Amino acid sequence: MTFDLFAIATGSVAFLLYYICWSLFSSPLARIPGPKSFSLTKWRLAYEDYKGSRTRKIHALHQAYGPAVRVGPDEVAFNSLSALRAIYGAGSGFERTNFYHMFAIYGRKNMFSFNTVKEHAERKKLFAHAYAKSAMLKGLNAQMIETKVRKYMELLEREGRSHDIFTSLHYFSLDNITEFLYGDFGKTACLDGIKEDRALLHDILTTGSRTLSWFTVHHPKLTAWLYSQTGLVGCLARQFYPMQKPTPYTSIKLHATKAFQGFADASAAEKAEQSSLISKLWKYHCTMKDGGLDDLDIASECADQLDGGIDTTSDTLMFTIWSLSRPEHKRFQQKLIDEVLSLSESALNADGIPRVEAADKLPYVEAVIKETLRLYAPLPASEPRSSPKATTIDGYLIPARTVVSISPYTLHRNAEVFTDPLKFNPDRWLDPSQDLMQMNRFFWAFSSGGRMCIGMHLAMAEMTTFLAAVYRRYTTEPRAGFDMVSPGITSRFEVFYEETCNDLRVCSPFSI
């Protein structure tokens with residue numbers, strides 16, 4: 001027995017030493033700089049995930065080690081244009097990792113969560129035309145956005161112009177995306193004061209979501225098993241939930257289910273009257289086309305796009321208004337006001353709201369939004385990819401299935417590209433003395449390549465029209481005592497905020 005234990009101990013030590021030597025000296029990734037603790041175990045980076053500091057830690061590692069950093073035994077973070085093209089460019093061969101499986105809904109993968117380029121492309125071609133810029137600037141989508149902007153202006157007058165805009169901006173984005181996706185079968189009326197619809201946003205504020213995301217990513221099978229148990233085992237499993245139910249977006253996903261079912265049960269004539277995304281997807285339903293999508297495919301696709309269309313737009317608008325409202329940024333707000341006041345009467349609709357097409361042509365409004373997205377991208381963290389084949393990136397051999405990534409957070413803070421990168425300065429995007437071409441190459445708030453954000457044009461149409469309307473009528477300033485309070489957003493399992501501020505709130509009170 002003693003000999004067996006000794007043999008096991010000796011074998012374990014030998015294996016450990018072999019693993020350490022392999023990881024630090026013999027692995028193809030050993031040439032890539034980075035802390036030894038990260039090279040030896042994936043749990044070192046997972047610890048940063050748990051603390052909510054992953055993105056900032058990787059950014060600090062890039063500053064210390066350069067544009068290529070080994071952040072795990074089989075993971076590398078990059079920060080260069082050449083790596084951006086190699087990983088995310090068309091035809092790169094890199095696929096999304098299993099990280100994205102957490103975004104599957106109703107047990108079905110969707111366009112966002114598919115691993116392979118082929119699966120993503122086949123799904124995307126079914127409805128990409130619905131998100132085209134031309135489809136946003138005129139017609140029903142433009143009318144929808146202008147109507148929601150008008151309703152938001154009415155809300156300001158009705159409910160008070162000094163309030164927490166975190167909530168009301170979510171009303172605005174939710175009302176837009178639900179009508180775009182579901183039309184009459186699922187559109188909400190939060191801006192009209194409908195309490196049932198407004199209640200859908202309550203679970204966005206539920207605490208504990210970051211912990212749930214961490215377990216979903218790092219212990220996916222255990223997490224799925226815990227939440228799937230029922231009866232006596234379920235009672236026991238409940239004690240170990242990363243987050244007690246309801247989990248984030250529970251109400252919104254339930255709304256998505258009801259909206260889908262309502263559309264599915266409608267008559268052919270009622271379906272034909274709709275111009276929503278679900279009506280476009282239904283043309284590919286298995287009852288309409290051999291080998292087409294089934295109910296859960298369509299339901300998952302719409303629910304995923306519903307999730308993606310709420311926080312991203314509202315959080316960006318929140319940071320935009322907050323940035324313009326800070327005392328040191330008043331000159332930027334005044335420039336924006338001067339531009340939107342220059343709009344002619346023909347650029348306004350019958351309700352006095354700037355037309356989407358006119359707002360799209362305002363260069364300073366666009367510059368303000370781009371600068372906000374540069375500093376406060378709604379999804380600033382790493383976008384992991386892997387390739388089934390070995391490849392070379394920035395001179396380093398990357399074995400097959402190595403996880404590689406780049407983050408907008410780091411790209412957007414490159415001091416060689418963006419002068420004073422931590423400062424909010426919309427003027428930089430219109431300054432001919434700046435290398436605007438290089439700045440635009442490094443601007444990555446919407447990702448790039450075939451998997452670039454499909455909702456980009458819808459989001460920009462919402463934001464440009466909203467800002468043009470608000471600042472034609474009002475000025476904004478922080479409430480007393482909130483000058484150095486930063487709004488905060490939760491992205492996956494991190495909280496992002498303006499780091500130079502003394503305080504953090506997941507809100508942004510302002511006065512008009």
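This is a predicted model: local features need pLDDT of at least 70, side-chain atom pairs count only at pLDDT 80 or more; totals for chains, interfaces and linings use all residues.
The structure contains 24 aromatic pairs. One of these is formed by Tyr 131 and Phe 180, whose ring centres lie 4.9 Å apart with 55 degrees between the planes, a tilted arrangement. Tyr 131 is located in the loop between helix H6 (117-124) and helix H7 (133-137), whereas Phe 180 belongs to helix H9 (residues 165-182); the pair therefore ties together parts that are 49 residues apart in sequence. Both Tyr 131 and Phe 180 are buried.

Helix H9 also contributes Phe 172 to a pair with Tyr 152 of helix H8 (residues 139-159), so that parts 20 residues apart in sequence are tied together. The rings of Tyr 152 and Phe 172 are arranged edge-to-face, at 6.3 Å centre to centre and 75 degrees between the planes. Tyr 152 counts as buried because its relative accessible area, 1%, falls under 20%. For Phe 172 the corresponding value is 0%, and this residue is likewise buried. Elsewhere, a single aromatic cluster is made up of Trp 43, Tyr 50, Trp 214 and Phe 215.

The ring of Phe 418 has the charged end of Arg 374 over it, 5.1 Å from the ring centre. Over the face of Tyr 409 lies Arg 413, at 3.8 Å from the centre of the ring.

In soluble globular proteins, nonpolar side chains tend to be buried together. In this model, the largest nonpolar core comprises 120 residues, among which Phe 78, Phe 180 and Phe 466 touch the most other members. Helix H24 supplies the largest share of this core, with 12 residues. Phe 180 thus links the two descriptions, as a partner of Tyr 131 in the tilted pair and as a member of this core. When residues up to four places away in sequence are not counted, the contacts of Phe 78 include Ile 87, Ile 393, Ile 398, Val 404 and Ile 406, as well as His 62, Asp 394 and Ser 405.

An unreviewed UniProt entry places the feature "binding site" at Cys 453. This residue is situated in the loop between helix H23 (436-442) and helix H24 (456-473). With a relative accessibility of 37%, Cys 453 counts as partly exposed, because this value lies between the limits of 20% and 50%.

Technical notes: Residues are numbered from 1 along each chain as its sequence is written. Side-chain values use heavy atoms; hydrogens and water are left out. Rings of Phe, Tyr and Trp (its six-membered ring) pair if their centres lie within 6.5 Å; planes under 30 degrees apart count as stacked, over 60 as edge-to-face and the rest as tilted. Helices (H or I, at least four residues) and strands (E, at least two) are DSSP runs, numbered from the N terminus. Buried means under 20% relative accessible area, exposed over 50%, partly exposed in between (1.4 Å probe, protein chains only). A charge sits over a ring if NZ of Lys or CZ of Arg is within 6 Å of the ring centre and within 35 degrees of the ring normal. UniProt positions are given in the numbering used here, feature names are shortened, and annotations may be inferred rather than shown by experiment. A nonpolar core is a set of buried Ala, Val, Leu, Ile, Met, Phe, Trp, Tyr and Cys residues joined through side-chain atoms within 4.5 Å. Contact means heavy atoms within 4.5 Å.
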